[in-house]
Each structure stands twice: as C-alpha cells, then as structure tokens.
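The following note sets out some points for a colleague who has the model at hand. Please read them alongside the sequence and structure.

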Amino acid sequence: MHTFREHRWQSFLQNYENRARLLISCPDKPGIVASVTSFLYEQGANIVESSQYSTDPEGGTFFLRIEFDCPNIALRKQEIESAFQPIAESFHMDWRLRLHNDVKRIAIFVSKAEHCLLELLWQWQAGELIADIALVISNHEHLRSTVESVGIPYFHIPVTKETKAEAEQKQIELLKKYEVDTIVLARYMQILSPAFVAEFPGRIINIHHSFLPAFIGARPYERAYERGVKLIGATSHYVTDDLDEGPIIEQDVARVDHRHHPDDLKRMGRIIEKTVLARALKWHLEDRVIIHGNKTIVFY
C-alpha cells in the first residue's frame, strides 16, 4: 500500500539533498537582497527560487524567501548559519535556514468528521504531501480503522469539561514523545486551552467554515441558508488564544443561490474545507508562510 509513496519519498530525498530555504524578515532598508545573495554566492550556492515583499520601502518590514542548492548543505548547515550571523545582526533579521529534506513531523487531530482527514491521508499516500504523519489523536473512536489501515498510530483521548486539562496533558506528552513539529486540526471539535496553544506557537493549523463571525456557533449552514447567503467558504489559519482569529493562511469560496439547501451547502463546504486545509498545510510544510503580527506573508 505504501510502495508508491515510499518511492516518491525516496526520490524527493535524493533530488533535493542539496537544497535549503532561507526565510528572513527585518526592517526594510537598501542592500538586504544584495548582501544575502552575495553571501550565498560566496558559499557556492545557486538560487533556484526567490520571493520578496515589503510592507513599505520607507520604514516598513521586509520579507524574503530564497530556495537554493548548495553542495553538502546538510553537513555545512551550522557552518553557513554561523557565517551568516553577522549579516543577520547588521540588518536586525529574524531568520531561519531549513534543509529541504528536513521533513516535518505532523500530528492530525480529528473528531467525527472524516473529510479533511481523508484528504490529507490521500495526498500523503499519493506522495503529494511531503510530511511524516507521526500520529492521529481523536476524542472519538470513529476513525481508528481508517487511520490504522495505513499504518499510522491512532490515539483516542476523550475530552469532557471536567477532564479537559488532563486530556490535553496526555496529548502534549504524546506530541513530545513523537517529536511533532506541526499540529493539524482536521475538524477537531474542541477548543484548545491557552496553555496548550502556548506549547506550540505558530505550529497549530485549523480549518473552519468562513461564515464567521456572522454565524458563530451551532448549525452555521442552516443559519446561512435561512439568511440566503450567496457565498460559502472555508478559512485555514494558525491557532492563537483568540478563537478563530489567528493569522490566516488560506481561504476559498464557492457561489451558491436559492436552489441550494442546507445539505447542499454542507456538501460543498466539505469540499472547500478539505482543499483549503491541504493547501495551507503544504505551504506551511514548504516554509512558504511567515507570520507577521496577526497576518501572514505567503509566498506561493
């Protein structure tokens, strides 16, 4: 079952063994790009992709993402980071250098709805989602067989108002045990506590319908139908202490009209949700997202 995925995985590791990504944010001023690209040239690197953006050339914040090939980058990473530090300090950079083959380990949180989970599992099996799905955690047993059938550990941790703190502590222990980098809430119908979110800042990705804030709470599709909405959609964002108000990564919509009943809206909504979540996760895994306050810079 995993043969094709494992073949794609090995090809990925071989094809990109010398590739890395450099992400930078800093106060905008002349000379940033020239200094960075000159440095990479001196290191023997060949830039294969570069994207940049400034909020304002006069006193704004500058963002830069560069992918480059460099011989023996895995062995030279620390050396290159040390050599780059003086440049970073001179421009007051917030920066990170990541190896292309440093594949992130993710945990998927899910409740009963399966559409987002199935999309991620399908893309992972097809070799389209380059990640190591370390485990799935759920507050229900419903999807155990689906997950375990593809060889991924499944942990059922029930959550009630009385046991929430204890449940989250068990979850955190599992996430640390499995060395998880990123948490994906694939229609996980529980609100994470501030203490849990603080353990993984900028590393929890959520998906929800885009009726917020007009249709917060239960039965959003029914209430949207009653209001005669003309657009439905989905939003994927990073989780913060402010419920559903974290930095947005990706959104999409579909046009609807009076002929679409609540079940139609739900069906269309599921398609949008799973697609938006998969795109947002891919961009995160590829280090294409830089968080800036409560916004994101996404270099597609």
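1. The UniProt record, in an unreviewed entry, places the feature "active site" at Asp244. UniProt positions follow the numbering used here, feature names are shortened, and annotations may be inferred rather than shown by experiment. The model is predicted: local features need pLDDT of at least 70, side-chain atom pairs count only at pLDDT 80 or more, and totals for chains, interfaces and linings use all residues. Residues are numbered from 1 along each chain as its sequence is written, and side-chain values use heavy atoms, with hydrogens and water left out.

2. Asp244 sits in the loop between strand S10 (231-238) and strand S11 (248-255). With a relative accessible area of 28%, Asp244 is partly exposed (between buried, under 20%, and exposed, over 50%; 1.4 Å probe, protein chains only). Strands (E, at least two residues) and helices (H or I, at least four) are DSSP runs numbered from the N terminus.

3. The unreviewed UniProt entry also gives the feature "domain: ACT" at residues 21-102. This span is 35% helix and 38% strand, and its end C-alpha atoms lie 10 Å apart.

4. Helix H4 (residues 115-125) packs against helix H9 (residues 262-285) at an angle of about 45°, the axes being 9 Å apart. Axes are lines fitted to C-alpha atoms, for helices over the stretch in contact, and angles run from 0 to 180 degrees between N-to-C directions.

5. In the contact (heavy atoms within 4.5 Å), His115, Cys116, Glu119, Leu120 and Gln123 of H4 meet Arg270, Glu273, Lys274, Leu277, Ala278, Leu281 and Lys282 of H9.
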